[in-house]
2 protein chains.
Amino acid sequence: MADMLDRDTHDGAVRFGPLAESLGLLLRLSQLHSFHDFYTALERHHVRPGEISILMMIRENPGIRQGVLASALMIKRAHMAKMARRLEDAGLIERRVPPDDRRAMELRLTAQGELRAAEMTPDLEAHEARNFGGLTPEEAATLRTLLRKYLALDAPKED
Amino acid sequence: MADMLDRDTHDGAVRFGPLAESLGLLLRLSQLHSFHDFYTALERHHVRPGEISILMMIRENPGIRQGVLASALMIKRAHMAKMARRLEDAGLIERRVPPDDRRAMELRLTAQGELRAAEMTPDLEAHEARNFGGLTPEEAATLRTLLRKYLALDAPKED
DNA sequence: TATTGTTATACTCTATAACTATA
DNA sequence: TATAGTTATAGAGTATAACAATA
């Protein structure tokens, strides 16, 4: 269908060419695609996109230190500091200086934070259940497995 | 080592919990992971990350219209207008109003743009060849196939 | 009326470096 | 000296809405 195009006047289908083999671009477009649904699904909770994963990760790892969380989520420390402060101001997390290292900052959900996280969970799950794009559930499972391996998510990581 | 954790004082490995099944988060982290290498590999060409895919896409689709390109790359029209203008100012692309629709704007690489694209190609290819993360080349190929299907990249798309 | 591109604005995220207080 | 977190700043991406020209 696209083979009748004038070589120099584009009208119909877009050719990705070698870029269709670019893992980086495919990941970027896939992330945008996924994000679009994510955002509309979670919009009503009035939490910023980046904050949701932080809340959920703190729920899974109570007492996690800011820097550890930042590196797990590939967020810069400087940015994490701002977001953590904001979540504290919003009353969703508590930040506590541990006695053994007074430079550090441990993060935990407050009761209100737990509530908000619980409120968001159904919408998150609905988003995940819907977020298959053109994939079958089995293909989506394979995709997740490959992404985890790509990220070496189970192995310990350096900064 | 991590099994002696107090339920509430995190120190060792980070638990992703249900988030390890979140396609959205996995895509986001993977994209950041990939981008990190991409950025350092292409840094010396002094072209912004977003501009590289635009140049490469115009090379593949000479005469493509701004809006079509924007939707293919999932960039908002307003943003594309700025980037296209910038690339034009840099002398890398030419923007031409087609006679059949004088609202539109067709994009083509200039000679200088072709040169820059050609200069970047080896670094792009080196990045792609390196960008397997923890995957085997076969797994990376499967990952690309799944992402293309997730994106329905071959099928025509709505806005 | 609808569409293409443009401009303007505000917000989010990112990168960097300098700073403090602790270790 | 090195590390954890903070602050400040600049840059890049994104979302939205209002607008002009054209269809």
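I began with a definition: a salt bridge is a side-chain nitrogen of Lys or Arg within 4 Å of a carboxyl oxygen of Asp or Glu.

**Ground rules.** I am reading a predicted model, where local features need pLDDT of at least 70, side-chain atom pairs count only at pLDDT 80 or more, and totals for chains, interfaces and linings use all residues. Residues are numbered from 1 along each chain as its sequence is written, chains are lettered from A in the order in which they are written, and side-chain values use heavy atoms, without hydrogens and water.

**Between the chains.** I looked up A:Glu139 and B:Lys149. Their salt bridge has its closest N and O atoms 2.9 Å apart. Each residue lies in helix α6 (residues 137-151) of its own chain, so the pair joins two chains. Helices here are DSSP runs (H or I, at least four residues), and strands are runs of E (at least two), numbered from the N terminus. I noted A:Glu139 as partly exposed at 21%. B:Lys149 is partly exposed too, at 36%. The scale is relative accessible area: buried is under 20%, exposed over 50%, partly exposed in between (1.4 Å probe, protein chains only).

**Within chain A.** Next I checked A:Arg65 and A:Asp101, which form a salt bridge at 4.0 Å, N to O. A:Arg65 is in strand β1 and A:Asp101 in the loop between β2 and β3, so the pair ties together parts 36 residues apart in sequence. A:Arg65 is partly exposed at 24%. A:Asp101 is buried at 19%.

**Whole structure.** I found 24 salt bridges over all chains.
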